[in-house]
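Student: I'd like to learn how to read strands and salt bridges in a model like this. Can you walk me through it?

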Amino acid sequence: MNDNEVEMDPVVYIVIGRVWENEEALPEDAITIHAMLTAPDDDDAVRRTLESLSSQGFAEAELEQIGVMDGEPDDPVYEGAYQDALAGNVAIVTFNQ
């Protein structure tokens, strides 16, 4: 195998934000979300996250942070989401308060 054939692991992004189920919701009605997905760049990760949230019925979204995962997470909350992201899906983890 030469340098041009090096197989790269996919980049898994994590996007952190808040969502609301309807447009009239108050700030304290927000649901914290962490989205995990693969994407070629930050812009595509944000676009795919917003599309996924919209398709799940969320009326409003406020994305606050984006980062790149540096491997499979140790926290069991994220294990399934990470595997879904590697499979090409947008995995949304919600934290109801």
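Student: Which strand pairs with S1, and in what sense?

Tutor: Two strands pair if DSSP finds at least two bridges between them. Here S1 (residues 12–20) and S2 (residues 31–38) pair in the antiparallel sense, over eight bridges. One place to look is Val12, whose bridge partner in S2 is Thr38. Helices (H or I, at least four residues) and strands (E, at least two) are DSSP runs, numbered from the N terminus.

Student: What should I know about the model and the numbering before going on?

Tutor: It is a predicted model, so local features need pLDDT of at least 70 and side-chain atom pairs count only at pLDDT 80 or more, while totals for chains, interfaces and linings use all residues. Residues are numbered from 1 along each chain as its sequence is written, and side-chain values use heavy atoms, with hydrogens and water left out.

Student: Where does S4 come in, and how many bridges does it share with S2?

Tutor: Strand S4 (residues 91–95) pairs with S2 in the antiparallel sense over five bridges.

Student: How do I read the side chains along a strand?

Tutor: The general idea is that in a regular strand the side chains alternate between the two faces of the sheet. In S2, Ile31, Ile33, Ala35 and Leu37 point one way, and Thr32, His34, Met36 and Thr38 point the other way.

Student: Is S2 mostly covered or mostly open?

Tutor: Mostly covered: eight of its eight residues are buried. Buried means under 20% relative accessible area, exposed means over 50%, and partly exposed is in between (1.4 Å probe, protein chains only).

Student: Why does His34 count as buried?

Tutor: Because its relative accessibility is 14%. Leaving aside residues up to four places away in sequence, His34 touches Ile14, Val15, Ile16, Tyr78, Ala91, Ile92, Val93 and Phe95.

Student: Which side chain makes a polar contact with that of His34?

Tutor: That of Tyr78, at 2.6 Å. A polar contact is a pair of N or O atoms within 3.5 Å; within protein, one must be able to donate a hydrogen and the other to accept it, and residues adjacent in sequence count only if both atoms are side-chain atoms.

Student: Now the charges. How many salt bridges are there?

Tutor: A salt bridge is a side-chain nitrogen of Lys or Arg within 4 Å of a carboxyl oxygen of Asp or Glu. By this rule the count comes to four. One of them joins the side chains of Arg18 and Glu62 (2.7 Å, N to O). That pair links distant parts of the chain, with Arg18 in strand S1 and Glu62 in strand S3 (residues 60–68), 44 residues apart.

Student: What else does Arg18 meet in a salt bridge?

Tutor: Glu64, at 3.3 Å, N to O. Arg18 lies in S1 and Glu64 in S3, so this pair ties together parts that are 46 residues apart in sequence. Arg18 is partly exposed at 24%, as is Glu64 at 47%.

Student: What about a salt bridge within a helix?

Tutor: Look at Arg47 and Glu51, whose side chains meet at 3.0 Å, N to O. They are separated by about one helical turn, because they sit four residues apart in helix H1 (residues 42–55).

Notes
Contact = heavy atoms within 4.5 Å.
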